[in-house]
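Q: Hey, I've never looked at this one before. Could you walk me through it?

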Amino acid sequence: MKTLNQTEPVPFTRIYALGASRGNTTVTNDDIAGPINSSDEWIRQRTGIVTRKRAGAEQSLMDMALQASNEAIAKSGIAPAQIDAVILATITFPYSTPSGASLLAELVGAHGAAAYDISAACAGYCYGIAQADALVRSGAAKYVLVVGGEKLSDFIDPTDRSISFLLGDGAGAAVVGPSDHPGISKSVWGSDGANWDKVGMTGSLIDFRDGKAAWPTLVQEGQSVFRWAVWEMAKVAKQALAEAGLEAADLSALVTHQANIRIIDEFAKQLELPEHVVVARDIVDTGNTSAASIPLAMHRLLAEGQVKSGGYALEIGFGAGLAFAAQVVELP
C-alpha cells in the first residue's frame, strides 16, 4: 500500500510587509454633525475622532484593497505569482458571491491562488493573520496575502447616532510567509454568539428585497459594546501576551482595532503599558474602518517612524459577532 504525500510544515512565520489605502475624501465632524443633532466638540470628546476618511462614489472597496495589496507585495520582495492564498476580511464587499478575494487575487497577479473572504467584522484582519500563520506553518501555502478592507460608507445612516458617525473607509494589507524565527505568536480568538445582535445591521437583504425594511445599515448597542470591549477584550489582550511569552514592557506598540479613542486609552491603562510602548491612534483622522483599522494603524506607525521594524506589536481586533482575535507580531 502506498503512503500518502503530505505537506512539510515549517516552524515559524512572520509578516513581510504592509500596504495601506484610505478613502480619498476627508469628512469633518461638522460635515456630519447636523443629521445627528450633535457637534464637533461632542464627537471629539465621545470618540476622539476629528476627521474620517471616506471613499467617494468613484473609489470602490476593491480599488482600496488593490492599492494596499500592491504596496505590500512590492515591499515584501515576493512576486505576485508566488502567493498561494489570498484572504480578504470584509463585511462590505457588495456581492454575496463570488468572493472579493478571488477577484483581488486575479488583480494583483496571484493567478490561481486559493482565495476566500472572511466575515468577522472588526476582528477580520486578526482572523486573517491567524489563518495565514496556520496555512504557512502547515505547509498548505508558502506566502499568503491578508487584506482587511471596508467601504463602510455604503452602509451608514447619516441620522444614526450609534455608530455611523464613527465610520471611515480603507484597506490594509499584509504578506505573510515562512521565517527563521517566530514572528507571529499563537492567536487568541473566539466569538460570543449570545450577543450576536449587539453590533449588526438594521435589517436583512431579504427583508429589503421584500419591502419589509429599508436598505440595511450598520447599528450597535454602544454602551453594551463599550463595556464588553473595555473589560472582556483587555483580558484577551493579556492572554495573547501570555501566549506569546511576553510582558507589556517587551512591546514596541499596541495596535488595537480603532473603535473609539476611549476604548484604546482604557486598553493602555489596563495593560499598564510603559511609556516607551507606542499606542496606535489612527482613529483620530481616519475613523473606525473595521477590518482595515489594524493594518492601517500599524502601517502608519512604521511610515511615520514611531516604531521600528523588528519590534513586537500586540494587535487585537473585536466587533460584530461578537468576534475577537489577538496575537503578537514582529513589526515588518
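This is a predicted model: local features need pLDDT of at least 70, side-chain atom pairs count only at pLDDT 80 or more; totals for chains, interfaces and linings use all residues.

Here is a short chat about the structure shown above.

Q: What does the C-alpha trace span along its principal axes?
A: About 70 × 50 × 40 Å.

Q: And how much of the protein counts as buried?
A: Of the 332 residues, 55% count as buried. The accessible surface comes to about 14300 Å², and carbon and sulfur atoms hold 52% of that.

Q: What share of the contacts links residues 24 or more positions apart?
A: Among contacts with a separation of 6 or more, 77% are between residues 24 or more positions apart. Leaving out neighbours within four places in sequence, Asn 260 touches Arg 46, Thr 47 and Ile 283. Asn 260 counts as buried because its relative accessibility is 10%, under the 20% cut-off.

Q: Switching to charges: how many salt bridges does the structure hold?
A: There are 12. Side chains of opposite charge can pair when their charged atoms come close.

Q: Which residue does Lys 235 pair with?
A: Lys 235 forms a salt bridge with Glu 232, and their closest N and O atoms are 3.5 Å apart. Both sit in helix α7 (residues 222-244), and since they are three residues apart there, about one helical turn separates them. Lys 235 counts as exposed at 52% relative accessibility, while Glu 232 is partly exposed at 35%.

Q: What about Arg 209, where does its side chain go?
A: The side chain of Arg 209 meets that of Asp 210 in a salt bridge, at 2.9 Å from N to O. Arg 209 is exposed, with 59% relative accessibility, and Asp 210 is partly exposed at 40%.

Q: Which partner does Asp 285 have?
A: Asp 285 forms a salt bridge with Arg 300, with 2.6 Å between the closest N and O atoms. Asp 285 lies in helix α9 (residues 283-286) and Arg 300 in helix α10 (residues 293-303), so this pair ties together parts that are 15 residues apart in sequence. Asp 285 is partly exposed at 27%, and Arg 300 is partly exposed at 24%.

Q: Which residues are joined with that pair into one network?
A: Salt bridges with shared partners join Arg 22, Asp 282, Asp 285, Arg 300 and Glu 304 into one network.

Q: New topic. How many disulfides are there?
A: The count is zero.

Q: Let's go to the surface. Which residues form a nonpolar patch there?
A: Leu 205, Phe 208 and Trp 215 do, with about 300 Å² of accessible area together. Trp 215 is in the loop between α6 (205-209) and β10 (218-220), and it counts as partly exposed at 39% relative accessibility.

Q: How about the backbone: where are the cis peptide bonds?
A: One runs from Thr 97 to Pro 98, with omega near 0 degrees. Pro 98 sits in the loop between β4 (85-89) and α4 (100-108). Another cis bond joins Gly 321 and Leu 322, where omega is about -15 degrees. Leu 322 is in the loop between β13 (312-319) and β14 (323-330).

Q: And what is phi like at Ala 121?
A: Phi of Ala 121 is near 50 degrees, a positive value in a residue other than glycine. Most residues other than glycine have a negative phi. Ala 121 lies in the loop between β5 (114-118) and α5 (124-138) and is buried at 7%.

Q: What about Ser 290, buried or exposed?
A: Ser 290 is buried, with a relative accessible area of 4%. Its phi is positive as well, near 55 degrees, and its place is in the loop between α9 and α10.

Note on methods
Residues are numbered from 1 along each chain as its sequence is written. Side-chain values use heavy atoms; hydrogens and water are left out. Patches are made of residues with over 30% relative accessible area and no salt bridge: like charges are joined within 9 Å, nonpolar side chains (Val, Leu, Ile, Met, Phe, Trp, Tyr) within 5 Å. Accessible areas come from the Shrake-Rupley method with a 1.4 Å probe; for residues, only the protein chains shown count as cover. A salt bridge is a side-chain nitrogen of Lys or Arg within 4 Å of a carboxyl oxygen of Asp or Glu. Helices (H or I, at least four residues) and strands (E, at least two) are DSSP runs, numbered from the N terminus. Buried means under 20% relative accessible area, exposed over 50%, partly exposed in between (1.4 Å probe, protein chains only). A disulfide is a pair of cysteine sulfur atoms within 2.5 Å. Contact means heavy atoms within 4.5 Å.
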